[in-house]
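Please read this briefing with the sequence and the 3D structure at hand.

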Amino acid sequence: MSIITKVSRHAAVAQGNFAKMFRGVKIAPLPEAAAAILEEIHKPEPDILCLERIISAEPEISIRLLSNVNSSLHSLRSQVTSVRHAITLLGLDRVRALVTASAMATAVPKPKDSLFDHEAYWADTLIRSLIARELAARHAPGQQDVAFTAMLVADVAIPVLLESWSEYYRPVLEDWNQRPVRLARLEQDRYGWDHGQAGSWILKYWNFPEELVCLVAAHNLPLHKVRELGLEKTVAPSLVVAGLLPSCMNPILHRCLEMIDLAAEDLGISPGTWPETIDTVRTQYDLIHAQFGLRRGKADRVFQCMNQVFENDRQQICR
Amino acid sequence: MNDDQNMKPKSDWLFELVAKLSGFQLHARLRSAGSDKKSRLLFAITMGVAAVGTITAAAVITDLPLLFPPLAPSAFILFTTPLAPTAAPRSVILGHLSAALMGLLAVIIVSIAIPGADLGDPTIMNGPRIIAIVLAMGLATTTMLVLRCSHPPAAATALLAAMGLIHDPVVMAALEASAILLCVEAYVLLRVVGGLPYPLWSPDHDMARFYGTLAGGGETKSSGWERVHAELLAQHEDLPSDDHDHINEDRTEVYS
């Protein structure tokens, strides 16, 4: 690598110049059908007939939609067989969440690196998304599915960075694997930006709406910053809190405790409600994990970690 | 536990040096919320002055007619909206070249069509001259649109040619040389000082859409979410500590 290229790459990373960083990177485009569906949903007045037409032409998405609406999550008395009926029952935000989940599974790269466990990445993402949805149901009612979608795409930059900028990003992940420190903290200390900001650039490239782009960029911020930006009434605080959940590769009790404390202090969610939340999340995870190609036991360590917080003495954990 | 010292980056010296120096680039300044407009203004003024100043100095030293009026608006566009399609080297170089040629072509056409038009002397403003100017403007505009190299200051170059001010091949070559020199300067200054992805030849539309006003986008068009996103991209080094000191050990609510 020539010295000019090296200096140019150093400058791009040091500045967090994502446009330059991801310029030569082949970021897989969203599958065509998914992109068309998301584009229609993001319009000020989405056309349900048009949505139905696009979704019906895509067997994979149609099946996902119908199996979701007919699952025990919704406890419907009669079977739903039409895509339009499913869209009406689920609502556009839920349809968007399902389509995004389907599209992400295809578009997110799978770096061949010993530091990256693709299954663990999706297990973490899915649990955090479900927790964000549960928190949003209490903190920002009506926006649960926005929270789910945003959390689902919040860490999209991690595999992209590891695949395309591994000489810079691998040391960060190595560090993260060795110490109980938040990944975003290590990224900020080393380069002055974090994967949330990088991910927001990728989402913008994929033409996601600005709301989701902002939520992803904000998901690693401290809550006082979220308030300063005027995002306290959005699902951003739910994402910040859910983002504290430790990875199933490195479940840390302290992190769970921190998440529960923050939810209590800033979202007014009583710690007493958490066992029920964990149960709900676990049930939902068990219902949908197969859609992401995940094995059932992958997330067990995180659920065990969360349960331990309630089984152990608090002072013992802090020690 | 405070292990901030251990958390410092273990990067190589070159990265550290580049990181420090690139902190002064316009791109880095644009990431800092609040300094956007001022930084852009300061950058455009200093770089524009430096670029035109260098060409002026080159003109004085070489005694070549490198200075021509449309150069100033070209420099203005290059340093205020460097990532706009009109500022790409392709637009600047081809724009001025095609406009000058169309100006000359208009003079030739009018000279042939109106015998005794007397278009050799630039000080004479007569009917044929007016026709040549109008024709030059039309031809230059059409050519730039067809070749997709629109560069508004080049329209003035067509005017200069139609007015008889570009009268010999040396002037024509000098004009084109100064357009090339301006693009080379812009490339170096915008990339090194600005940290901006100024293209080598054609505009990069994919990249331009991330640069708003620098790519010619309007300032008032951004939505509330876009403004928040710009602020979010400027946020850094303000994450909560990870030492868990803030976890209150004395809390007794429902944990066991």
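The points below go from the fold of chain A to one of its helices.

This is a predicted model, in which local features need pLDDT of at least 70, side-chain atom pairs count only at pLDDT 80 or more, and totals for chains, interfaces and linings use all residues. Residues are numbered from 1 along each chain as its sequence is written, chains are lettered from A in the order in which they are written, and side-chain values use heavy atoms, leaving out hydrogens and water.

**Overall fold of chain A**
- Chain A has 20 helices and zero strands, where helices (H or I, at least four residues) and strands (E, at least two) are DSSP runs numbered from the N terminus.
- The C-alpha atoms of chain A fill a box of roughly 60 × 55 × 40 Å along the principal axes.
- Of the 319 residues of chain A, 60% count as buried, meaning under 20% relative accessible area with a 1.4 Å probe and protein chains only.
- Among contacts (heavy atoms within 4.5 Å) between residues of chain A at least 6 apart in sequence, 66% join residues at least 24 apart.

**Helix H12 of chain A**
- Helix H12 (residues 183-191) of chain A is largely enclosed by the rest of the structure, because eight of its nine residues are buried.
- The buried residues of H12(A) include Leu183(A), Arg185(A), Glu187(A) and Tyr191(A).
- The cover over the buried residues of H12(A) includes helix H1 (3-15), helix H10 (157-164), helix H11 (166-178) and helix H13 (195-205) of chain A, together with helix H1 (13-22) of chain B.
- Just after H12(A), Gly192(A) takes a positive phi of about 85°.

How values were computed
Buried < 20%, exposed > 50% of the residue type's maximum accessible area, 1.4 Å probe, protein only.
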